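Please look at the sequence and the model shown below before reading on.

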Amino acid sequence: MIKEHKVTCIVCPAGCEIIARVRKNSIIEIRGNRCKKGVDYARNEVIEPRRVLTTTVRLENGHFLPVKTAKPIPRELIFKAIKELKEVRVKVPVKMGEVVHQNVAGSNVDVVSTRSWRK
Amino acid sequence: MTDVVIIGGGVVGCMIARELSRFDLSVVLLEKEEDVASGTSKANSAVIHAGYDAKPGTLKAQLNIRGNALFDKICDELDVPFKRIGSLVVAVKEDDVKELEKLLEQGKANGVSPLKIISKEELFELEPNINSKACAALYAPTAGIINPFELTVALAENAAQNGVTIRFNSPVVDVKACDDGMMMVKTPHETFHSPFVINAAGLFADEISQMAGAEAYTITPRKGEYLIFDKRCSDMINMVIFPTPTKFSKGILVCPTIDGNFFIGPNSNDIEDKHDTGVTSEGIDEIIRGARRLVPGLPLENVITSFAGLRAVSNTNDFIIEASRKVKGFINVGGIQSPGLSSAPAIAEMVIEILQEEGLTLKEKNNFNSRRNRIYPFRELNDEERKKLIRHNPAYGHVICRCETVTEGEIVDAIRRPVGARSLDGIKRRTRAGLGRCQGGFCSPRVIKILSRELGISPLKVTKCGQGSEILKGRTKDFIDSDGDFNES
Amino acid sequence: MRVRELVIIGGGPAGLSAAVEAKKLGVEDVLIIDRESEPGGILKQCIHTGFGLHVFKEELTGPEYAERFIAEAQERGIEIMLDTMVIELTDDRRILAVNSRDGLVELKARAVILAMGCRERTRGAINIPGFRPSGIFTAGTAQYFINIEGYMPGKEVVILGSGDVGLIMARHLTLEGAKVKCVAEIMPYSNGLTRNIVQCLQDFNIPLLLNHTVVNIHGKKRVEGVTIAEVDLNRKPRMETARYVSCDTLLLSVGLIPENELSRMAKVQIDEVTGGPVVDQSMQTTIEGIFACGNVLHVHDVVDLVTIEARVAARGAADFLKQKKKRIRPATVPVIPGEGLRYVLPQRIDLDGALEETQNFFMRSVKPMDRGRLLIQSDRGVVMSKNLKFIRPSEMISIKVKREILQQNNCLKISLCEGSENGD
């Protein structure tokens, strides 16, 4: 079975509409790209798109702390990650960059604070 | 036992309540919404008319003239800003001048004074931005502007200070005469027995009258739409500017507000739904077209908001202010459309007379306090007053609404005083927080916090204008249940 | 009245960047006044990534970008007066501010940098008919509720406007548990970055309806739905295409307006197109000693450019403070936008002021173009030209112009023509 994926390239402002044809998880054709960078981009988007997840978690003082995944995580894990983070409570003080939750959604990526909070 | 029940917390109901609070009486005012002035009283032209519009001999003519004259004293006592800025009826073609002359005669017959027709030159001196085709105008210096909401709140506060009980969220579900000669008024929560019931239910006065078994009449909602301009454009006009009137209405005006903005509107369309305060694009086009005939250079890019109000038009085309001949103790105060706001003080006087005629004994209280102070408007104070105020209460140093410079002190005061604000709209109308050019974008989260703190409720329970208009739907991540779906195309 | 050397109004990215730079340039006494209880401005609530690629060469979230500057400001001993609202500014740089601690604060500044940012356009400004129920939010207010307060403004949302804030909010709302029904955009193209269209809409199957607008809002107490319709070429709704979309929330992302109430009080001349002050190459406004940078000057799409602009303003202010005697009104070269451009900034060049070897000009196109040719003309004809690719109104165009060109001409017009010479 061949599946066709349409990918909008975001590497540069040209925004090429790239078509990637995939059979059994391997790419057999990429077209529509105007440069080579589009090939890599489309491949990643089709095989395993990844995103940095940003959201907030609760601090024990009742406020909300902005956080992000330290690296992009597989896009399909994002809602699982959000659900995990719903239960997280972080103690103050916390520093920017501090890990507040490890290995989110089994992605091997940690979630870190994106700001400091003193009290 | 209750002596008088007033149905309706608009300007008329509150004016009557305040007048009755002078006397040794137990008075209850019932309002179906969560605040006073929630119907016709909050969305109108806010003009205190001079009194030349109504046909001589009508109640409208008589009460407008009397009402207009009473405003200085009432506004002084209640600390409500009121300015007699004067009004102009502008003739933009020669034919209109004849109409102006008719209006002048009518005004004189009604007793409006001073009142005169001014020349083109005089007109342009007063209003340089007026249509260059204008050829004359009828000038009435006694016309004024007011904030009708602020007036209504002030009346309600003063009535409450003097012992009137005000019940919100209390729609009347039944009203009838009982066998003992008393009347019974029922809301979802309470039942009141009283010898006198005053029906000041605005758009719904016909339904209340019918419910009571009193005289039948109909109230038709007549919609008027408005556009409000940024304060930046306040020097466009100086007075209330009307076109030459037609058979149907006083026309679309261009008019300053007491708070320093100006508005255009209203148009005039009879509708069926008494709840339909929706603004239409046709309506907006209509008022822009109309207003441009008066002031061609309207700065439309500076419109900050639009709204619509409903006039309560009776089938008699005059105010209906009378004791029912069918139901003893039931007094109708219906069909109070324009000049209802201008007439309100005189309407209240008239209702008091009717109550006496109907057998209510009035004994003046010796502790009636006619005065009420407004919320300190930080933006209007001078620097010395500001310093003093902040020293006295640091909350006045915390600006919450940047567009209108409204402080936390004012917002807290608006909540804590009698008949205090319970919603975002309540705060907005009492303090102007959220009424400026950003329309609450900046201050509404902050006002929600203050309301939540002062009322001891969760921010989730804070409303825009009463139950059903909650602003926030839940906490973040509350609604996540199933796995989200991703684009798998 | 206390005299301060440099007072910066606003502690967002523009104000913080300008403060740090001014201190670096030797201005000893720098005071930032901010109305909130923490500095950082709008960045505090922009918890998504995409900030810092130019300035820090890495991708940061808004709070991270802000914290780097806040930390630097603290290290350099810059005073930040928080919870303080400036309520008056005069053309001789007297400032009246208010807070709960000190009451009224009266200052005289030797130089002022305006960095008040911008506000969102509202429903009133775009006149959507219908009721005025609860459930209508500007995108930024919704962002504040979600990211700062942890509250959801709605469960089922329609977004009007596809600028970046609207797109980012579509994703945030979805991640936090709401259902975003669609994003309606009145223009035939989105004003957001492609990256945001892909990662905020396409990732979550949120439809982007181009050439669509909201023509009615339903619901008396709370939004119950909206009517959306296609628009014709004149952007007038075609009512025969109207359809009802049920939702409890309408989010407006319909543009930003520089916040210049204080600038107007100080009699600073405002450019009607940008909505911000008219400035020269040092970001000095038409009032001597008052400078401006960031979104108060013109709405930026990338925060990094705000920082860069703020540094220019800081340098301008620092130079101004070093000046020994008052200058007479300088000779200026006006720079005006021609065909194809909405605006050009700076709007004028002060020939007596400091001029770098090359001067950066920033501008916005009136419409998207795949290829365009930028022409700089004086009364002597075309003095410089440049071909550009993939022009979007949402993405600022920048061009460097040699000092000589500025010095040799007494008026410059910059225009943008679709297509390019030689088809290149």
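The model is a predicted one. A salt bridge links Arg453(B) to Glu454(B), with 3.4 Å between the closest N and O atoms. Glu454(B) also counts as partly exposed, because its relative accessibility is 22%.

Over all chains, the structure holds 74 salt bridges. In chain A, the side chains of Arg50(A) and Glu48(A) meet in one of them. Arg50(A) is partly exposed at 36% relative accessibility, and Glu48(A) is partly exposed at 38%. In chain C, Arg94(C) forms a salt bridge with Asp92(C). Arg94(C) is partly exposed, with a relative accessible area of 35%, and Asp92(C) is partly exposed as well, at 32%. Elsewhere, salt bridges with shared partners join Asp230(B), Arg232(B), Arg402(B), Arg35(C), Arg119(C), Glu259(C) and Glu261(C) into one network.

| Arg50(A) | Glu48(A) | 2.9 Å |

Attention now turns to the interface of chain C and chain B. Here 49 residues of chain C are in contact with 61 residues of chain B. The two chains bury about 4,700 Å² between them, and 55% of this area lies on carbon and sulfur atoms. Arg132(C), Tyr151(C) and Lys221(C) supply 15% of the area that chain C buries against chain B, more than any other three residues.

Across this interface there are 8 salt bridges, and 24 residue pairs are in polar contact. Several elements of chain C, including β6 (85–89), β8 (103–114) and α7 (261–265), each supply at least two residues of the side that touches chain B. Helix α4(C) gives the most to that side, with 5 residues. By type, the residues of this side of chain C divide into 18 nonpolar, 14 polar and 17 charged.

Strand pairing also crosses from one chain to the other. Strand β24 (residues 474–475) of chain B is joined to β11(C) by 2 bridges, and the two run antiparallel. Within this pairing, Arg475(B) has Tyr151(C) as its bridge partner.

Within chain B, strand β13 (residues 196–199) is covered on both faces. Phe196(B) and Ile198(B) are buried on one side, and Val197(B) and Asn199(B) are buried on the other. Strand β1 (residues 4–7) of chain B pairs with β13(B) in the parallel sense over 4 bridges, and Val4(B) has Phe196(B) as its bridge partner. Strand β21 (residues 330–334) of chain B pairs with β13(B) in the parallel sense too, over 3 bridges; there, Val197(B) is partnered by Phe330(B).

Another sheet in chain B is open and has 3 strands in the order β3-β8-β4, with antiparallel pairing. Its edge strands are β3 (47–48) and β4 (82–83), each of which pairs on one side only. Ile48(B) has Gly144(B) in β8(B) as its bridge partner.

Helix α10 (residues 408–416) of chain B is mostly covered, with 7 of its 9 residues buried. Among them are Ile411(B), Val412(B) and Ile415(B). The buried residues of α10(B) pack against β22 (399–401), β23 (406–407), α11 (424–431) and α12 (444–455) of chain B.

Definitions and conventions: Residues are numbered from 1 along each chain as its sequence is written. Chains are lettered from A and ligands numbered from 1 in the order in which they are written. This is a predicted model: local features need pLDDT of at least 70, side-chain atom pairs count only at pLDDT 80 or more; totals for chains, interfaces and linings use all residues. Side-chain values use heavy atoms; hydrogens and water are left out. Buried means under 20% relative accessible area, exposed over 50%, partly exposed in between (1.4 Å probe, protein chains only). Contact means heavy atoms within 4.5 Å. Buried area is the accessible area (1.4 Å probe) that two parts lose on being put together, summed over both. A salt bridge is a side-chain nitrogen of Lys or Arg within 4 Å of a carboxyl oxygen of Asp or Glu. A polar contact is a pair of N or O atoms within 3.5 Å; within protein, one must be able to donate a hydrogen and the other to accept it, and residues adjacent in sequence count only if both atoms are side-chain atoms. Ala, Val, Leu, Ile, Met, Phe, Trp, Tyr, Cys and Pro count as nonpolar, Asp, Glu, Lys and Arg as charged, and the others, Gly among them, as polar. Two strands pair if DSSP finds at least two bridges between them.
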